[in-house]
Amino acid sequence: MKKDYAPESSEESFGVSRESHDYYAAHARQWRNRVGLVVFVVVLAFWSYTLFVTPFFDVQSITISGVSQTTQKEIHNRVEKFLSTRRWGIVPRKNIFLLRRSGLVDLFRSDARIATLQVQKNYQSRSLTIIAEERTTAYIFVLPDRAFTIDKEGMTLAQLPLPLSEGTTPLIYDKRLNEGVLGQKIVAENEIVFLNSVTSEFARSVPFINITIGEPSQDAITFVTKEGWGAYFAFTDSASAQLERLKVLLATKIKPEKRKKLEYIDLRFGERVYYK
């Protein structure tokens with residue numbers, strides 16, 4: 001009589017038990033994991049070496065615009081020195097991918113001569129473009145023992161020794177101050193706005209030599225003209241209104257031939273204008 005025969009499991013038909021199959025599968029997974037880990041470590045080591053050690057991604061060129069030739073050289077030297085260092089002693093700043101724009105901007109934040117600074121990175125050419133705006137000198141602020149160049153915002157830009165050589169930049173003498181700090185505002189905001197307004201308009205009609213703040217009173221500003229007489233303005237009154245009164249007076253009552261003996265014009269008392 002014929003009998004049907006079937007093995008208990010397919011694994012046993014080939015002579016492999018389930019336990020053996022699970023063992024080899026687990027072993028294969030472990031082997032794949034180890035290989036994957038080795039590959040990961042190799043790739044990580046390769047990129048770490050490329051980024052942190054080799055100069056392959058280093059900045060190749062630096063272009064600076066918007067400032068004078070002298071300032072360009074100074075900025076270039078400071079940037080080169082900055083790029084030669086490492087952040088936290090590990091991360092190379094010269095690497096175009098690891099360089100932070102904010103780091104370069106912060107480098108010049110305390111430089112009074114620089115008004116604005118932008119940094120552009122070109123990854124393909126590994127180059128930096130720095131676009132800076134330089135503060136320009138509007139006045140020379142003179143103190144008893146030193147002088148500062150200042151811009152139209154009243155910011156001190158550079159210190160100058162005394163005595164000053166003759167030049168075309170308007171001089172400001174402040175009788176209320178004895179000292180100043182480089183890189184800080186030395187003139188109050190409302191006063192520098194007043195100064196800018198009067199200076200631009202006043203110089204068109206009457207050339208002046210210098211400006212004195214705090215004389216003949218604390219809230220006064222005096223423009224000494226090349227003709228030898230002074231114009232007294234008040235910070236507490238409108239600059240445009242005082243200028244208008246001055247123009248009318250010079251046009252109607254004090255003609256050029258009479259200014260030879262003129263000592264001053266006082267515009268500090270509203271519509272009442274005094275002169276001698």
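The side chain of Asn 196 makes a polar contact with the side chain of Tyr 139, at 2.8 Å. The model is a predicted one. Asn 196 lies in helix H5, which spans residues 189-205. Beyond its neighbours within four places in sequence, Asn 196 is in contact with Tyr 139 and Lys 152.

Helix H5 also packs against helix H6, residues 239-252. The two axes are 10 Å apart and form an angle of about 25 degrees. Angles under 35 degrees count as roughly parallel, and H5 and H6 are therefore roughly parallel to each other. Their crossing is right-handed. On the H5 side, the contact is made by Phe 194, Ser 197, Val 198, Glu 201 and Phe 202. H6 contributes Ala 239, Gln 242, Leu 243, Leu 246 and Lys 247. Of the residues in this contact, 6 are nonpolar, 2 polar and 2 charged.

An open sheet is formed by 3 strands in the order E1-E5-E4, with mixed pairing. Strands E1 (61-65) and E4 (114-122) stand at the edges; each has a single partner strand, so one side of each is left without a neighbour in the sheet. Neighbouring strands are turned by 15 degrees against each other on average, direction ignored. E1 pairs with strand E5 (residues 127-134) in the parallel sense, over 5 bridges. Ser 65 has Ile 131 of E5 as its bridge partner. Helix H3, residues 69-83, packs on the sheet and touches E1, E4 and E5. The direction of H3 makes about 145 degrees with that of E1.

Terms used: Residues are numbered from 1 along each chain as its sequence is written. This is a predicted model: local features need pLDDT of at least 70, side-chain atom pairs count only at pLDDT 80 or more; totals for chains, interfaces and linings use all residues. Side-chain values use heavy atoms; hydrogens and water are left out. Helices (H or I, at least four residues) and strands (E, at least two) are DSSP runs, numbered from the N terminus. A polar contact is a pair of N or O atoms within 3.5 Å; within protein, one must be able to donate a hydrogen and the other to accept it, and residues adjacent in sequence count only if both atoms are side-chain atoms. Contact means heavy atoms within 4.5 Å. Axes are lines fitted to C-alpha atoms, for helices over the stretch in contact, and angles run from 0 to 180 degrees between N-to-C directions. Angles under 35 degrees count as roughly parallel, over 145 as roughly antiparallel, 65 to 115 as roughly perpendicular and the rest as oblique. A crossing is left-handed if the near helix is turned anticlockwise from the far one by less than a right angle, and right-handed if clockwise. Ala, Val, Leu, Ile, Met, Phe, Trp, Tyr, Cys and Pro count as nonpolar, Asp, Glu, Lys and Arg as charged, and the others, Gly among them, as polar. Two strands pair if DSSP finds at least two bridges between them.
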